[in-house]
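Please examine the sequence and the structure shown below before reading on. The paragraphs after it lead from the single chain to the pair of chains.

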Number of protein chains: 2
Amino acid sequence: MVATLTGTPEALKSSGAQKIFAAAKCGSVSLAQKSASADDIKSICATADDLALTLDNGASFGGSSSFLMKLVASLAPASSLLGNGDKDAAHVDSWVTYATTNFEVVVNALKASAGKGEASLVDSVKKDVDYSISVLNCHLIPTGYMVGDKVTIADIALAVALQSAAEEKLWDPASDDEKTVNIRKWFSTITSADFFTAADAPVAAETSVATSSAEGVTFNGVAPAVKNKLYKRNRIRIKEVFANPAYIGQEITVAGWTRTLRKAGGKLLFIELNDGSCGTSIQCTCEASETEGFEDAKKSGGTGSSFQLTGTLIESPADGQAVELKVRVAKLLGAVYGGDPKGETVGGMLYPVSKKAHTLEFMREIAHLRPRTSVHAAAMRVRHAMAYATHKFFHDNGFLYIHTPIVTCADCEGAGEQFAVTTMLGTDPHTKDVTLPVYEEPEKKELSKKELKRLAKKNAKGKQESNKPEEVKIPGAVDYTKDFFGRRGNLTVSGQLNVETHACALSDVYTFGPTFRAENSHTARHLSEFWMIEPEIAFADLEDDINLAEDYLKYCVEYALEMCAEDLEFFENSPHGEKGLRDRLKNVLENPFKRLTYTEAIEILEKAYADGVEFEVKPEWGIDLPSEHERYLCENVFKKPVVLTNYPKEIKAFYMKLDEDGKTVSAADILVPKIGEIIGGSQREHRKEVLVERCIEMGLDPKAVWWYVDLRKFGTVPHAGFGLGFERLILFITGLDNIRDVIPFPRWAGNAEF
Amino acid sequence: MVATLTGTPEALKSSGAQKIFAAAKCGSVSLAQKSASADDIKSICATADDLALTLDNGASFGGSSSFLMKLVASLAPASSLLGNGDKDAAHVDSWVTYATTNFEVVVNALKASAGKGEASLVDSVKKDVDYSISVLNCHLIPTGYMVGDKVTIADIALAVALQSAAEEKLWDPASDDEKTVNIRKWFSTITSADFFTAADAPVAAETSVATSSAEGVTFNGVAPAVKNKLYKRNRIRIKEVFANPAYIGQEITVAGWTRTLRKAGGKLLFIELNDGSCGTSIQCTCEASETEGFEDAKKSGGTGSSFQLTGTLIESPADGQAVELKVRVAKLLGAVYGGDPKGETVGGMLYPVSKKAHTLEFMREIAHLRPRTSVHAAAMRVRHAMAYATHKFFHDNGFLYIHTPIVTCADCEGAGEQFAVTTMLGTDPHTKDVTLPVYEEPEKKELSKKELKRLAKKNAKGKQESNKPEEVKIPGAVDYTKDFFGRRGNLTVSGQLNVETHACALSDVYTFGPTFRAENSHTARHLSEFWMIEPEIAFADLEDDINLAEDYLKYCVEYALEMCAEDLEFFENSPHGEKGLRDRLKNVLENPFKRLTYTEAIEILEKAYADGVEFEVKPEWGIDLPSEHERYLCENVFKKPVVLTNYPKEIKAFYMKLDEDGKTVSAADILVPKIGEIIGGSQREHRKEVLVERCIEMGLDPKAVWWYVDLRKFGTVPHAGFGLGFERLILFITGLDNIRDVIPFPRWAGNAEF
């Protein structure tokens, strides 16, 4: 089909004509153009203004440029320019209208007022355009085109309109503004397409691409953005290179570390470069005749060397990779030891981070280099994602992040052995003749349970003068009043007691910080230093607590499936990973957790035992369930996460709320397949008298936790919370087996290198 | 103006008619309705289908229901139903079209296929509706109405369309989904308005309100949301009550702590209740005759007691408050000690968190209760916001959060005195007769500088067998090989050295964790335990580093101004706060930081000194600038944040990159008014030989940091980073003076209570 667009010289250069030409080019409609006077155009078609379309069958049309664009698009053979199907067509129509009403009209008004426009008009137009752009940006979050998965006239009309708007400085396609990240990507794609550039030169397409950012696309809200952002990378992150097809054909710079370097005949180098932004490395090709710095690159020592590479991104001719970089300039930043990978050893080995697979055990010994390996890098990316998801989940739900203290003086939790924090050993480890101050006064009798009860009664009458504990001076024991804090300082085992103080005032709070256990355990599930997340909710009971925990865990799983797709796929296929990983995670996401009481669980286990299931420990009411029982319930009986509640009070902490039966407490442990216990929580005992009673029962002086008891004296409220070991969550999400592999620098008995 | 809508009985009940009636009601157009057969309607107006509009002047109209709605709206006297001005009118038009194309068409298609619809059709419709809703939701982020600040037919058309969509279960106005938080608020407002309810009963308006969440509105992106969210609060957060006018007239439940309780004549109680979600408390009125639980409430003990209150939210007749709660049921959760505020003391005082203002010093002694005070609660909300902004800033910029270790064995940083972490003192502080293992072997000579140089040379040839330091056994010194970690463990003073290992693999990383100083300082600017943020960027130099720091600091300031507006206003007017706080912050936001070298700064200071400015320390090149110099530059000379660079190498750490002059290093400190130094950063020495040289110059055995040196052997890259003391940032943002007041439980020499 051939057609002619006749217009005044100005009209043919207008954005209206550009829309029509772009549609024609895109739809392979052969469209001639002809310049004419306004009168001549009227004579072609009475309804025409300054543009008229004549088909080769003689029919002529006037009307708006949008209408003419639609006409031209309708001439295209077998194209989907108008949208596929009625629904898409309606969408296309409505966006074409949107381009006119929300951009063209206002831009033209502004142009018409050129120079004479009042500041208030300019402001108002700018505001309108801003918000129209934000609507488009949101619309473009899940998709690359306005409608469907192909270019339509909606894209064309809007891109032209936005180009005019950019010319009027109503928005900046080269900005770094988060609020326009999607629209800039789309704009750059459309305006740099052939059909578009034929009609006009692209607007700063390269700049726009070079500064657009692919990360966080799904997660960009409308947070305040720093105006005039200063920090710009002098490279494109490799993750972004892969994410944005607009880079193809562009010259870009990347930087990173060599995963492999292959030489072919002295004239070719293939460098797989990785910068940690994603798991996949980018294939870079250097040619002796084409690449500046070729000779240096050859002497880099290969795996582990660092480069900055500039060149053109091309669609790869090779199988299995989408793009590759044809390197124009190779800048060797750092060779592997003197260019000779055998010249230096680490821990008695050659530079170890090569293609050759080392054991994870060995990599722990060179933890400073292990982020350069695929497994640890992926684990760290997942760890970051889970930390961010945690903060996002609680923030979005109205929780405040409270930094509970690391050094504490409370030794009442019973959660585990504590490390001492002291300056009495001297700050220099080589200090000679360290002497510890020791009490010499006569021993003060330790309080008997009976005595504690008497004190509690007195306490209950509210008559004592101080509710703080008196100092206990045991001859021969270290006198910590001489230590830095004037008392014995310990590394915290949990932030819970502290965070409760803030829950009982700010209602919804959480901690996320390091906790410590001085236990000599060498299992794949325990560390001496690990991070814990502990939310605490006021005005809440055990059921609220379990609901929150289930929501939170599922949120993390969903976030990982969505945001860490590449790394989860890697773990699923890695020898260190887990087959069926994502199915296991989806199973968690899609099923409600099974909830039952400890007592019901014991009944199930007793029956199984009677039926011949072999347990090392015979199940009976009152025992602390060993891992074999937990796993049996989770993996064999229910095949999904299990929540056990209402444990015997004897095996749980003093602060858990006593149930009405007087035998159990309102505790809840969440068990998941593969890991076992991942979350432990409870409703807290908020009745002061019962709490004091429970302290004494457990052999704890209530005065040692005087401030904790205070919360129950002044406006006590029902409240609940739980704790989740962060590293166990990462094991759960990645499928890795050893907790030492999911934390940057693991600490355990005998190990605190680095 | 009077008009009549004639339609078939079905048509008059349709959503089309509902739009028309709602527009009429809203515009005060008197619109009668008349039922007729389809034939009769055709006879009224030939173009009519099943609805015809007749004006009282006899003119009749058919056409789409949207068209008829516009007509009716145009009849309204002095209304803005069609949008004010041409631009708004165009927007209104386009949204009315949107309601048809994006909702009505698909919903009708679905209805038409009722039951027979293929699953794929339902899925596709649902997907379309989902995304149209997300567009609307984005559009509604900054505004409460579709166009302008009043109801228009765009709101009416869309609300009716969405109601139909809800009836077809295409979306859920009562859900908790983050993705629809704005649209649900808007929907609830429109559908519960009089003009709308007259036409139809509101769709689950109450439920929708009760579960909608006001928090984070500005920040909600399109993060994955947990389906079927389980955790629901049994109360509305007070912040949400104030934020959402839709609660007015509804019965709601709130819970919190009494800030003041005033009794009036035995028949009235006025309770100001606060739940920490915001600074403002809600005024709640209980009447003896109206309020269940009135007698209990009277005996609560007043300030500090906790309540759950249910009642109707009404616009307040009293001055100075917008709304108040008329309480139907008052549930006393926790009295202040036995209902008698004099019955118990804390730290020797009556329950102290009352209206009476206590000193901040005193409140530190009862840190477990201070979150119940306005100052500390506001500080904690700002602290949370800054922590979240920090994570968001780095995450959005592609940085990974790395948890560097808390217990380290490196003692090389020189950043400050370290605490020892040990189990050699016993885990029980009352352990008797603690004996420390001590070396008895003959002393091994400490290495002289000459010897270190010789070793370094050997090292440089890459021939030594191990690059790890040999054990030093000094007789009389503690034998830490017997300690828990098999070596001396310390609390970290900085995560920087550790995080560099991950920057040299993952490129863009940051830490945010606790750090420690065992220094006996009692200033308002120092803590023994504080949190630090340390980003580290690969392929970056000092300028990149400063750019990043300036962006980050400004982001935090803007985030606070935007998201903590209420709390900043409070601090500005609090006796503990700072007059002109927000102006100071805006000044930081709006001006580029002044950058100059240390040498230039010294020249300025020397000139000032010569001109008679009184400094305690005479400025001269080579000194470590005291606070008086820093503040002079910042507050007197430049009156904005100042970045000082290129300090003498003697006063900076070994790892900073040596400048070409051999005298200075590429360090940068950022000084801000009020605080002084808030950020310290540097480009790192990435040249192995120079680093080793610098170690030796500073008296440090390079082997002690063998793994740190390793990073320079294997693909070294230029990199840089900085550290920001988090508590100083909070001081900077809140205007508070003492660092002990911006952390939940401050630790300093002699103090680790709680």
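The account that follows treats the chain, its sheet, the contact between copies and the nonpolar core.

This is a predicted model, in which local features need pLDDT of at least 70 and side-chain atom pairs count only at pLDDT 80 or more, while totals for chains, interfaces and linings use all residues. Residues are numbered from 1 along each chain as its sequence is written, and chains are lettered from A and ligands numbered from 1 in the order in which they are written.

Chain A has 754 residues, of which 53% are buried (20 or more other C-beta atoms within 10 Å of the residue's own, with C-beta atoms placed from the backbone). Its secondary structure consists of 24 helices and 22 strands; these are DSSP runs numbered from the N terminus, helices being H or I of at least four residues and strands E of at least two. An automatic or database assignment gives the domain bounds: domain 1 (2-219), domain 2 (238-349) and domain 3 (400-423 + 449-593 + 640-741) of chain A. Between the C-alpha centres of domain 2 and domain 3 of chain A the distance is 48 Å.

In chain A, an open sheet of eight strands with mixed pairing runs in the order E12-E16-E17-E22-E21-E20-E19-E18. Strands E12 (400-401) and E18 (594-597) of chain A are at the edges with a single partner strand each, so one side of each has no neighbour in the sheet. Pairing requires at least two bridges found by DSSP. Within this chain, strand E19 (residues 642-648) and strand E20 (residues 664-672) run antiparallel and are joined by six bridges, with Pro648(A) opposite Thr664(A).

How are the two copies related? A rotation of 180 degrees with 0.2 Å of shift along its axis superposes chain A on chain B, with an RMSD of 0.4 Å, by least squares on the C-alpha atoms of residues with pLDDT of at least 70 in both. This is the relation of a two-fold axis. The same surface serves both copies, as 100% of the contact residues of chain A recur in chain B.

Each of chains A and B gives 148 residues to the contact, where two residues are in contact if their C-beta atoms, placed from the backbone, lie within 7 Å. Strand E14 (residues 420-422) of chain A pairs with strand E14 (residues 420-422) of chain B in the antiparallel sense over three bridges, and Val421(A) stands opposite Val421(B).

The largest nonpolar core has 308 residues, and Met386(A), Cys556(A), Ala560(A), Met386(B), Cys556(B) and Ala560(B) have the most contacts inside it. Such a core is a set of buried Ala, Val, Leu, Ile, Met, Phe, Trp, Tyr and Cys residues joined through C-beta atoms within 7 Å. Beyond its neighbours within four places in sequence, Cys556(A) is in contact with Met386(A), Ala389(A) and Leu729(A).

Key:
Buried ≥ 20, exposed ≤ 12 C-beta atoms within 10 Å, placed from the backbone.
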